[in-house]
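These are my notebook entries on a structure that I examined by region.

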Amino acid sequence: MSQEPQRCSLWLFLFLSHGVASYSVPDSQQDLHPLLQKMAEEIIDGSYLNALLDLIQFQSSHVWTADLSQRVLAYLNSRHVAFTIPSLQAAMETHLEQRLYQPQKLLEDLRGTDTQQFHTAMKCLLEDKKDHLELDNIVIDLGEIRKQALQSPGVNRSLFLLTLERCFQVLNPLECVEILGRMLRGSSGRFLQPDITERLPLDLREDAFKNLSALFKDLYDQTSAHAQRALYCWMTGVLKTSSNVTDASVSWVSAENLWILGRYMVHLSFEEIMRISPIEIGLFISYDNATKQLDTVYDVTPELAQAFLERISSSNFDMRNTSTIHRQGVWVLGPWSSFPSKLGLLVCFYDDLELLDAAVAQVLLHQMIKCSHLRGFQAGVQKLKAELLEIAMENQTLNETLGSLSDAVVGLTHSQLESLSPEAVHGAISTLNQVSGWARSQVIILSAKYLAHQKVLSFYNVSQMGVLLAGVSTQAFHAMDRRDLMQLLRSATSLHVSDLSPAQQHGVLSKVMEAGDTASGIIEIQGAFFKEVSLFDLWREPGFNSTVLKEKEIRRSQALFLFELLSKTTRKPEELLSAGQLLKGVTCPHIDALSAGSFLAYFQYFENNFSLLSPYQVNCLAWKYWEVSRSSMPPFLLAVLPARYLASIPASQCVPFLISLGKSQLDSLVLDSHKKNSILKKVQQCLSHSTADEYTVDILGNLLCHLPAAVIRRGLSPRAWATALHGLRDCLHLSPQQKAAVRLRLLEQHGLPQNWTAETVKDLGSFLVLFSGDELSSVATKFPDILQQMASKMAGTLPPKEFLQAVFESVRNSSAENPSSDPSPGCHGIVAPSSDDIIKLAEANACWAPEDLLCLEEDTFLRSVELLGAVRSFSLAQLRKLKEKAVQVWDMPSYWREYHIVSLGRIALALNESELEQLDLSSIDTVASLSQQTEWTPGQAKSILQGFLEDSGYNVQDLKSFHLVGLGATLCAMNVTEISLIKILEFRVVVARIGTLLCSIQVLAEFKRKAEVVFGEPAEWSSFVLQELGTIAAGLTKEELRMLDKDLMPYFQPSAIKCLPDEIFKELSAEQIASLGPENAAAVTPAQRRQLSMLQLQSLQRAVDGAKARSWLDAPPSASPAGTPSSLSPPGAWVSGGLGLGYPLLVLMPKLVW
C-alpha cells in the first residue's frame, strides 16, 4: 500500500491493512487511552457518529501513532467483538446512510451526545478545526463532511434545531450565532418561522445579541412577514429589558437601539416613533452608518416615513438652513446642506417644500435616485419629483438645469425633450448617460439631440452615450467606420450593446464582418451579442479557438458547429467541456466515444451545467451512465430513461431518488405529460401518498411543484404545510386543481379574508391571485397599499381578471374623485384615469372601460402612453380608444415621428391598414419596434412591409441583413416572388433569426429554397445546419424529409416539428420518428399524431419515453446491476458500492482518494 496520506471512508480510519482483530487481551485496556476506549465501546454499540466525534476530540490534543490502530483492534477483540473490514464497512455505511436520509434520527443521535461530543460537533461546523484530520498515513476530510452536511436536505434543519437547543449552553454565544448564520443563509429563509423566537434565549450577552440581530437584519428579505413581526418582538423585548427605562413617558428607543433594529425599525408603531427623544433621533442621524441603514428600509410606509421625518426635524438638524455656493462646477453646501443625503429612503417622502430653493431641490432630486428601490408608492415618488423639478427650474430654463436634475429627467415629456438644444444635451451627457428608467422613445429623442451636436459619429462620441446608445439608429451604426466599431466592442460601452435591438446589433455586425480580419471581429463580440453571429461567419473562420468562448453566450447551432470543429484539433476534452456554453454542442456520438473512465471523470462538467443541455443531450448522458456505471448513476437520470427503469428503483432507494430528482427541474427534464405522470406516481409511491413532516418537504425540493392536488389538500401534515408553502410560492405552473387545493389550505390556516392581518396579506403574496373577487374585496379595502405592492411584484405576468379588478378597485377607492373641469366631448361625469392611477395599476389598467381611456387628459396621456402601451391584457376595443386619444393629441398618423410610434407599444395594434400606410416607416428602427408585436393580422403586416419599402425607397433585392432582422414577423407577409429576390449574401447571415418566425408553410418553403443555396441540398445538411434553420426546415418536401439521415432528427428545432404539415410529417419513417429524441417527440401535435400508422406511433412513443433508437441496445434493467470495476475509475474518482444508486457518499463520511 502506498505510504501517501489517504482520505478514506470512516471505517478505514481504524485500520491500515488489518483483516480481523486478533490481539492479546491482557494489555488492551491499560494500553488504550480512555477516550479511545470510549470510542471503541461506541463502535460496539453501533454509535458510529459518537465514535467519530470522540476520535476528532482525541486527535485535537494527541498525536496519532501507527500502533494506536492495533490497540483499538485489540480492545475490540478483548470485548469479544471481531470485525472484518467488509463487515465494519457495511455496518458503518448503513448506519450513516440512514442518518443522511433520515435526518430526524441524526437529530436524535446528536441530542444524545455528551457535552464534549456536542462541543466537538459544533466546533467542526464552525471550521475552527483544520479541514483534514491526519491519522498517521490516513486523512479524514472534515471540510467535505461539513460541506455535505450543510448542503443535504433535512440535515441542515436538524443541525439548526440542535444549535438552538444546546449550543448556547455549551459554546461561546458568539460562536453559536456564527453557526446559526451559516445554516440560515443556506436555507433561503425557510427555517425562519414565527415560532423560532420561542427557542431564542432572552439572556444573551450584549455582543451575541447584536450579532444575532445583525444576522436577522441580513436575512430580512428572506423572512416572512409573520416571522419578521415575531423577530421584531423578540428584539424589542430584549432591548426594552436592557434599557432599564421605568418611566412610561420615556421611550426605550435610543439612537443605539435604532441602529440595532436596522431594517426592523419600520415595525415601530407610529406612536412609538413619535415618542422618540429629539436628542436620540438627532444622535442616530449623525451616525456615520445611519444613511446606509436608512437606504435599506425598502418597505417603509409613507405614514411611518413622515413620523420619522417629523422627529428628525424636531432635533438639532434643520434642513431648511441651507446656504450654497457654486465653485468649479461642484455644489458645495452649507452646514446642514448635506443633511438630505442622510435621510436615506426617507427622502422619498419629504414634503416640506414651502419656500424650498432651487439648490436644495436639486440636492433632494439627486438623493431620490434611490427611491426606485422602495416597495411600492412609486406614484407618490413621481409626484414629488415633478414638484421638486418645478422648484429646481425656477428662474432657469430646462436647457440650463438639465445636468442637475438627476433621474427626474425621465419625467420629462416628449415635447419638453424636443425643446432641448443639442448643446444642452451635449453638456449634460455625463448625467443623462447614467440615468435608469428612460423610455425607448425618450432615448431616441435624446440620442438625436446629442448626435446633432456631432459632425461625425465616432468611437469617442458613442462612448459617451452610455444608456442612450440604444437611441442610435441602425443605419448610423452601419455607417460608422469599422475601426471605431471595433474599438466600441473592446470598450466599457460594449456593456450597453446588449440593450440594442436585434436590428441595431446586426447593423453593427454587418459593418464588423464586411471587410478585414473577420476572426478578430468575432473575438471582440461579447456576451449575448455573440449569439447574433451567423453560422456562415463562423464557418469561414477555420482558425477559431476555444479560449475566447468562456464568456460568450452561444446558440445551440453555433455550439454544434464549434464543438465539432474544435474537437478535431483539441486533444484534451476538458478544454472544450469547460469552455462555457460550448457544452451545448456536445452530441451523442461525442458522449458515446468517451471511455468509461473519461466519462465518469468529465461528468462533473455536465452536472454543473445541466441548464445548458437539451433533453436529448441529457438522455444520451443517462444511457451512457447506465452502460458504464449504473450503480453510481445519479438517480434523477433514471427519469429520462424508459419508465421500466424508473420502476426498478427499490423502496430502500426512494429517499436518494427523491433528493436527486428534487434538485432538478422536472418540467425541463421530462417534457411529455404522460411520462411525467408515471414519474410522479413513483414519487407518490415513495411518499406513501402523504408528506409527513417538514423533513419530507426538504427532501422533495422542486418536486413540491408537482404534488397532486389531493396530497396538497389532505396529505400535507400541519408541520409540513408551513415549509411546503415557502416552496410552493416559487412554483410558476401550478395546475388549476393544485391552486384550488392551496387556496383551501390557506383559508383553513388564516380564516376568511376579512379577518386577515397585514402580515397575512404580505405572506400570501402571489397566492392572492387564487382568491375570488369577493374574497379580495375586503383586502382591497383594508390593505390597498399592500395589495398594490403585491401586484407590482407580478410585473411581466398575466394575473387573473378578478385579481386585477380587486387591484383596480383598491386604487379607485383611494383616488380623489375629481371629474375634469374642462372635459372632452362625451366625457362629462366621467372620472378619467390620472397619471398616479396608471402608475399604481400597471397591468390592472386593463380594467378601465374603453370610454374612460378616451377621456384621458392630454398631459396624462403624454406622461403615461408608454405604460399603457405595455399593458398586455387590453382588449382591441380599449386599444382602439387609446389610438383615438393618440390621434387627438398627436394629430393624424402621417404627422407622427419615430418616437411617437415607438411609444405606442401594443396600442399600435389598433391602427388599421390605411392608418399604417400613413405612418413614416422609412426607418428600419421604427419598423423593428412595430414588429415586436406578435398580434398583427396578415393585412396589417403587409401594410407595414409595403410601407417600409415605399418610404425607405428600397427594393427587396436592396435589403441588408439588418433590414431583414428589423422586419421580423412582417417578412411572413412577403410572397414567394419577393422572397426569391432577397440577396443570398444578406440572407445567409440572418438565417437563425428568420428561423424563429412562424410563417405560412408556403413562405417557409421558399426560405428553405434559399437555404439550399447557402448550405447545399438537404441530404448534405449537418446537425448544426438543421438546428440553425429553425422553422425554415419545416419547408422540406416529402421527398427531402424522407432522405434525411435518422441521426439528424434530434437536431430539428421543436418549433420546426410543430410547423411541419400533417401530410408531410407522416412521411417520416418509423426509424426516423424513433430518432426524434424526447424534446422533438414531445413537440408532435395531436393532428400530426392522428396521421401516423401504428408502427409510427410505437416509434414515437419510444422517442417520447427516452428509449434508444437502436432497440438492441435498449436492454431491460438487470435484476442485480453490475458495479463498476475499479479499473475503470480515473485517478481522483471515487465509486461507491454501498449506496446502490450512487448518491454522493454519506455526509458524515470522507471521500477516498487513491
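Predicted model: local features only at pLDDT ≥ 70, side-chain atom pairs only at ≥ 80, totals over all residues.

Entry 1: the chain as a whole. I recorded 68 helices and five strands in the protein chain. Of its 1154 residues, 56% are buried. I then looked up contacts with a separation of 6 or more, and residues 24 or more positions apart account for 72% of them.

Entry 2: helix 7 and helix 9. I asked at what angle helix 7 and helix 9 pack. The angle between helix 7 (residues 115–126) and helix 9 (residues 155–170) is about 115°, and their axes are 11 Å apart. I recorded the crossing of helix 7 and helix 9 as left-handed. From helix 7, the contact is made by Thr-115, Phe-118, His-119, Met-122 and Leu-125. Helix 9 contributes Leu-159, Leu-162, Thr-163, Arg-166, Cys-167 and Val-170. By class, I noted seven nonpolar, three polar and one charged residues in this contact.

Entry 3: helix 47. I checked whether the length of this element fits its residue count. Helix 47 (residues 801–814) has 14 residues and should, at 1.5 Å a residue, span 20 Å; its end C-alpha atoms are 20 Å apart, so the two values agree. I listed its buried residues as Phe-803, Leu-804, Ala-806, Val-807, Phe-808, Ser-810, Val-811 and Arg-812. Among what covers them I found helix 45 (773–782), helix 46 (784–792) and helix 48 (835–841).

Entry 4: positive phi. Most residues other than glycine have a negative phi. I looked up two residues against this background. Phe-377 has a phi near 65°, a positive value in a residue other than glycine. I placed Phe-377 in the loop between helix 18 (358–367) and helix 19 (378–392). Is Phe-377 buried or exposed? Its relative accessible area is 18%, and buried means under 20%, so Phe-377 is buried. For Ser-406 I read a phi near 55°, again positive in a residue other than glycine. Ser-406 is in the loop between helix 20 (398–401) and helix 21 (414–418), and it counts as buried at 7% relative accessibility.

Entry 5: two residues in helices. Thr-236 lies in helix 12 (residues 225–243) and is buried, with a relative accessible area of 6%. Leaving aside neighbours within four places in sequence, I found Thr-236 in contact with Trp-252 and Leu-261. I then turned to Val-991, in helix 59 (residues 991–994), which counts as buried at 0% relative accessibility. Which residues does Val-991 touch, not counting those up to four places away in sequence? I listed Phe-1015, Glu-1028, Leu-1029 and Ile-1032. Val-991 and Val-1014 are 23 residues apart in sequence, and I recorded 9.7 Å between them in space, C-alpha to C-alpha.

Technical notes. Residues numbered from 1 in each chain as written. Heavy atoms only, no water. Helix = DSSP H or I, 4+ residues; strand = E, 2+ residues; numbered from the N terminus. Expected span 1.5 Å × (residues − 1). Buried < 20%, exposed > 50% of the residue type's maximum accessible area, 1.4 Å probe, protein only. Contact = heavy atoms within 4.5 Å. Axes fitted to C-alpha atoms, helices over the stretch in contact; angles between N-to-C directions. Left-handed = near helix turned anticlockwise from the far one by under 90°. Nonpolar A, V, L, I, M, F, W, Y, C, P; charged D, E, K, R; others polar.
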